[in-house]
Amino acid sequence: MTKKFKISVLLLSVVMLSVFVLSIGFTAAIWTSGGAGSGENTVAPAVDSPEDWNPWAKYFEGIITNDITVEAVVTGFHGDEYALNLETVIIPSYITVDGKSCKVVELSNSIFADVTFKQLPVTVYISPYVKKVNAMTFANLPNLKKVVFGVDENGAGENCVVENFTFASCPNLSSVVANGRSITDESGAALASGSTAFVNCAGDLSVSA
């Protein structure tokens, strides 16, 4: 095989890969794979305050709760074939409901009930506008490792109430980061590791301001 032929084959491979990536659109920006047969489908890591929360919007559904301010509650998450081994989940600032772009201000219970997080430790980033996280929203997720309440480009985010049992039975949850936001439990007290939101969670759970 000549050197010229090898170069031609390499260039052709690069072109074909580029066409494939373009053909799958946003998915390429979100999902990455450990390689064929590796069984390790992961997601490109996020920082504690992603600059763009919305590439994940198409994976979430919700209902409009306020037509005037166009706000919505997230009611479900739909992963694709790679969702079995997620290591990062970013809850978006906006989702589309009935053709309208709606600000996500609340998370409903059990939004990840139809998704099985396997093998990898999962970090969930909650967008800056969320004001309420309902009971059982993240309950019974054995590989949930970390939860980050995100902030916007100005380092700000809404005050947020986390209901009782929100993270119940997440035995590997070790860190919750408020990022300077006011995150309280149902009693109005600052969210702490001893809160009822964390029933049956890890004994070494850290909740930081």
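The following conversation goes through a predicted protein model.

Trainee: What should I know before reading this model?
Mentor: The model is predicted, and local features need pLDDT of at least 70, side-chain atom pairs count only at pLDDT 80 or more, and totals for chains, interfaces and linings use all residues. Residues are numbered from 1 along each chain as its sequence is written, and side-chain values use heavy atoms, with hydrogens and water left out.

Trainee: How many helices and strands does the protein chain have?
Mentor: The protein chain has two helices and 14 strands. Both are DSSP runs numbered from the N terminus, with helices being H or I of at least four residues and strands being E of at least two.

Trainee: And what share of the residues is buried?
Mentor: Of the 209 residues in the protein chain, 41% count as buried. Buried means under 20% relative accessible area, exposed means over 50%, and partly exposed lies in between, using a 1.4 Å probe and protein chains only.

Trainee: Which residues touch the most other members of the largest nonpolar core?
Mentor: They are Phe60, Phe138, Phe167 and Leu173, in a core of 45 residues. Strands that each supply at least two residues of this core include β4 (71-77), β7 (100-107) and β10 (144-149). A nonpolar core is a set of buried Ala, Val, Leu, Ile, Met, Phe, Trp, Tyr and Cys residues joined through side-chain atoms within 4.5 Å.

Trainee: Why would such side chains gather?
Mentor: In soluble globular proteins, nonpolar side chains tend to be buried together.

Trainee: Which rings form a cluster?
Mentor: Ring pairs link Trp56, Tyr59, Phe60, Phe77, Phe112, Phe138, Phe167 and Phe198. The structure holds nine aromatic pairs. Rings of Phe, Tyr and Trp (its six-membered ring) pair if their centres lie within 6.5 Å; planes under 30 degrees apart count as stacked, over 60 as edge-to-face and the rest as tilted.

Trainee: Where does Lys103 lie?
Mentor: Lys103 is over the face of Tyr129, 4.6 Å from the ring centre. For a charge to sit over a ring, NZ of Lys or CZ of Arg must be within 6 Å of the ring centre and within 35 degrees of the ring normal.

Trainee: Changing topic, is Ser127 buried or exposed?
Mentor: Ser127 counts as buried because its relative accessibility is 0%. Ser127 is found in the loop between β8 and β9 (132-133). Beyond neighbours within four places in sequence, the contacts of Ser127 are Trp53, Ile91, Pro92, Ser93, Gly150 and Arg181.

Trainee: How far is the backbone oxygen of Ile91 from a polar atom of the Ser127 side chain?
Mentor: The distance is 3.4 Å.

Trainee: And is Asp98 buried or exposed?
Mentor: Asp98 counts as exposed because its relative accessibility is 72%. Asp98 is in the loop between β6 (94-97) and β7, and has a positive phi, near 50 degrees, in a residue other than glycine.

Trainee: What about the phi of Ser110?
Mentor: Ser110 is not a glycine, yet has a positive phi of about 55 degrees. Ser110 is in the loop between β7 and β8 (122-126) and is partly exposed, with a relative accessible area of 37%.

Trainee: Lastly, where is Ser208?
Mentor: Ser208 is found in strand β14, residues 206-208. Ser208 and Val177 are 31 residues apart in sequence and 5.1 Å apart in space, C-alpha to C-alpha.

Methods:
A polar contact is a pair of N or O atoms within 3.5 Å; within protein, one must be able to donate a hydrogen and the other to accept it, and residues adjacent in sequence count only if both atoms are side-chain atoms. Contact means heavy atoms within 4.5 Å.
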